[in-house]
Amino acid sequence: MIPAASFAGKRVSLFGLGGSGIATAHALLAGGAEILAWDDNPDSVAKAAAAGIATGDLRGADWSRFAAFVLSPGVPLTHPKPHWTVELARASGVEVIGDIELFCRERIQRAPAVPFIAITGTNGKSTTTALTAHVLKSAGRDTQMGGNIGRAIMTLDPLEPDRHYVVECSSYQIDLAPSINPTAGILLNLTPDHLDRHGTMAHYASIKERLVAGSDTAIIGVDDSWCAQIADRLERAGKTVIRISKRLPLTDGYFADGTNLMEAVHGRYSRVAFLEGIGSLRGQHNAQNALAAVAACLKVGLELGEIQAGLESFPGLAHRMEQVGRKDNVLFVNDSKATNADAAAPALSSFNRIYWIAGGLPKEGGIEPLRGFFPRIAKAYLIGEAAPAFSATLGEAVPYEISGTLAAAVEHAANDAANDTGGEAVVLLSPACASFDQFKNFEVRGEAFRQAATAIDGVKPIGGPR
């Protein structure tokens with residue numbers, strides 16, 4: 001735990017008593033603050049009270065006594081309208097912050113030189129966070145990873161001079177962290193997302209920009225216009241900006257040339273790393289993730305050899321293009337996290353002979369946006385409620401069967417792929433659907449795929465995340 005000593009002797013209100021909220025409350029208590037916490041869920045309040053956290057309905061609290069109000073990132077700050085607690089805090093002039101802000105204040109006060117890498121973006125931030133942390137750990141650095149992935153940030157080990165912190169930040173968390181100041185801040189990309197909570201794309205982009213604007217070094221993917229404009233704006237303001245691109249040669253920065261990761265300095269190019277043969281980092285989207293990790297790790301002092309070794313040993317994230325097994329020329333890939341068409345596109349773009357398992361609880365738009373990838377699909381195996389609609393979209397463009405269940409789909413796809421003589425064949429679960437018609441969540445669905453694939457006679461499991 002990181003004690004939140006910046007509020008020692010002060011009274012702090014807190015709303016949102018899920019796992020991270022309770023962890024934040026304990027960090028405040030450990031730092032010497034006095035807490036009054038609340039939640040709209042009576043069960044959460046009871047759980048917090050049982051854990052020794054003082055609780056009370058904040059509607060009747062004396063807000064003039066609070067030095068700060070700590071809000072769960074899952075609670076609306078601005079849109080569609082501020083939560084009632086936010087309105088009470090603002091009416092009393094009480095600052096509204098989150099757990100990322102608590103970490104940033106502790107770092108500035110206790111150990112400002114501690115390496116702190118913060119990652120955001122619409123897509124790819126979890127993989128980039130996990131990859132960056134893995135590269136650091138594999139190079140022998142004391143590394144802590146958390147935030148919007150894994151552990152709540154205040155549950156990480158205490159700040160120490162040589163300890164590295166790699167933190168994934170959602171837009172909700174950045175919105176509650178006005179003084180966020182990473183050593184290296186990464187903004188991967190921006191596409192419309194969470195507009196129900198941010199109102200407009202411009203507001204969403206401005207929140208994401210705060211993370212890199214406060215960084216010592218801003219690492220920005222410039223393959224979309226929003227991020228390119230942010231990079232230009234920060235550079236004009238005198239910030240240190242490193243641009244990365246997964247598809248375009250740059251005059252200065254880092255870019256991907258196939259599987260080679262290149263550095264450009266005033267138009268002169270040199271290779272800094274490569275992804276050839278690294279199955280967990282296939283695809284153009286992973287080239288962007290790797291470029292960001294390379295730039296950040298160089299910033300905090302790693303050597304190129306250490307970085308390359310870390311890239312090569314990266315196991316990937318569970319349920320995100322996770323290689324789970326192989327039998328001869330057939331590779332089994334679990335991409336259960338792909339719960340809509342946009343999320344399925346990276347996996348479909350990364351392989352050439354695909355035996356595609358798709359379906360579940362359908363999302364708006366179906367798989368029509370994936371039509372450009374249909375030539376890569378040898379056959380589709382459709383499951384769940386979406387099967388009839390997906391079969392209509394596939395039509396005569398792609399051979400398909402309605403398998404019904406995931407177990408049947410894996411069995412049939414594996415048999416067909418085994419007879420493919422066109423090189424590597426991939427049995428790919430990338431459903432482009434929610435899981436809730438047949439599974440509790442995408443993790444359970446992915447685990448079912450993994451078990452079914454590795455139970456096939458002759459399939460050798462591939463070591464990776466669990």
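A cavity, on a 1 Å grid over the protein atoms alone, is a set of points where a 1.4 Å probe fits but cannot get out, while a pocket is an open set with protein on both sides within 12 Å along at least five of seven lines; a lining residue has an atom within 4 Å of a point. Grid points are joined across faces, edges and corners, and a volume is the space filled by probe spheres set on the points. Rolling a probe the size of a water molecule over the atoms shows where empty space is left.

The structure above is a predicted model, in which local features need pLDDT of at least 70 and side-chain atom pairs count only at pLDDT 80 or more, whereas totals for chains, interfaces and linings use all residues. Residues are numbered from 1 along each chain as its sequence is written, and side-chain values use heavy atoms, with hydrogens and water left out.

A search of the whole structure turns up one cavity of 30 Å³ or more, and the volume of the largest cavity is about 60 Å³. Its lining includes Leu14, Phe15, Thr24, Val70 and Asp99. Strand E1 (11-15), helix H1 (19-30) and strand E3 (68-71) are the elements that give two or more residues to this lining; helices (H or I, at least four residues) and strands (E, at least two) are DSSP runs, numbered from the N terminus. H1 gives the most, with three residues. By class, the lining has five nonpolar, six polar and one charged residues, where Ala, Val, Leu, Ile, Met, Phe, Trp, Tyr, Cys and Pro count as nonpolar, Asp, Glu, Lys and Arg as charged, and the others, Gly among them, as polar.

Now look for the second largest pocket, which holds about 280 Å³ of space. Of its 19 lining residues, Gly258, Thr259, Gly283, Gln284 and Ala287 are the closest to its centre. Strand E11 (253-257) and helix H10 (284-299) each give two or more residues to the lining, and E11 gives the most, with three.

E11 also takes us to a sheet. Nine strands form an open sheet in the order E6-E7-E5-E8-E9-E10-E11-E12-E13, with mixed pairing; two strands pair if DSSP finds at least two bridges between them. Strands of a sheet pair through backbone hydrogen bonds, either parallel or antiparallel. Within this sheet, E5 (residues 116-120) and E8 (residues 184-187) pair in the parallel sense over four bridges, and isoleucine 119 has isoleucine 186 in E8 as its bridge partner.

A second open sheet has seven strands in the order E19-E18-E16-E20-E15-E14-E22, again with mixed pairing. Its edge strands, E19 (400-404) and E22 (460-461), each pair on one side only. E18 (residues 377-383) runs parallel to E19, joined by four bridges, and tyrosine 381 stands opposite glutamate 401 in E19.

Finally, some helices. How far apart are the end C-alpha atoms of helix H8 (residues 201-213)? They are 18 Å apart, which agrees with the 18 Å that its 13 residues should span at 1.5 Å a residue, because the expected span is 1.5 Å times one less than the number of residues. Among the buried residues of H8 are Met201, Tyr204 and Leu211. Alanine 448, in helix H15 (residues 442-454), counts as partly exposed because its relative accessibility is 25%; buried means under 20% relative accessible area, exposed over 50%, and partly exposed in between (1.4 Å probe, protein chains only).
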